[in-house]
Amino acid sequence: MLGDIELKSLETLASVGAGKEASKYYHVFQNGACYEFTLKVATTGESDEGGKPVDRGEVFKRLEKFWPR
């Protein structure tokens, strides 16, 4: 939900070289127009700088807090 508008969602996962991308697409058709919003998390797959694996579920949970309610 975005305010009182119900959006449909789709999630994709892709490998890009050594990295991974996860995207969530939200869309709605209203008043003769299609609206789409995308949230995306991408990692390089490299850990040379001491990085740790990303919990994409936790990242999306944090990003979704920015949706107006």
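Let's start in the middle: Leu 2, Leu 7, Ala 22, Tyr 26, Val 28, Leu 39, Val 41 and Phe 60 form the largest nonpolar core, with eight residues in all. A nonpolar core here is a set of buried Ala, Val, Leu, Ile, Met, Phe, Trp, Tyr and Cys residues joined through side-chain atoms within 4.5 Å. Two elements, β2 and β3 (33–43), each give two or more residues to this core. The largest share, three residues, comes from β2. In soluble globular proteins, nonpolar side chains tend to be buried together.

Keep in mind that you're looking at a predicted model, where local features need pLDDT of at least 70 and side-chain atom pairs count only at pLDDT 80 or more, while totals for chains, interfaces and linings use all residues. Residues are numbered from 1 along each chain as its sequence is written, and side-chain values use heavy atoms, with hydrogens and water left out.

Now for the overall layout. The protein chain has three strands and one helix, and from the N terminus on they run β-β-β-α. Helices (H or I, at least four residues) and strands (E, at least two) are DSSP runs, numbered from the N terminus.

Follow the strands next. Strand β1 (residues 8–16) runs antiparallel to strand β2 (residues 19–30), and nine bridges join them; two strands pair if DSSP finds at least two bridges between them. Lys 8, for instance, has His 27 in β2 as its bridge partner. Two residues sit between the strands of this hairpin, and Gly 17 takes a positive phi near 60 degrees.

On to the next pair: β2 and β3 are also antiparallel, with 11 bridges. Here Tyr 25 stands opposite Thr 38 in β3. This hairpin has two residues between its strands as well, and Asn 31 in the turn has a positive phi of about 55 degrees.

Let's zoom in on Ser 23, which lies in strand β2. Why does Ser 23 count as buried? Because its relative accessibility is 5%, and buried means under 20% relative accessible area, with exposed over 50% and partly exposed in between (1.4 Å probe, protein chains only). Leaving out residues up to four places away in sequence, Ser 23 touches Leu 10, Glu 11, Thr 12, Thr 38, Leu 39, Lys 40 and Phe 60; a contact means heavy atoms within 4.5 Å.

Finally, step back to the whole protein chain: of its 69 residues, 19% count as buried.
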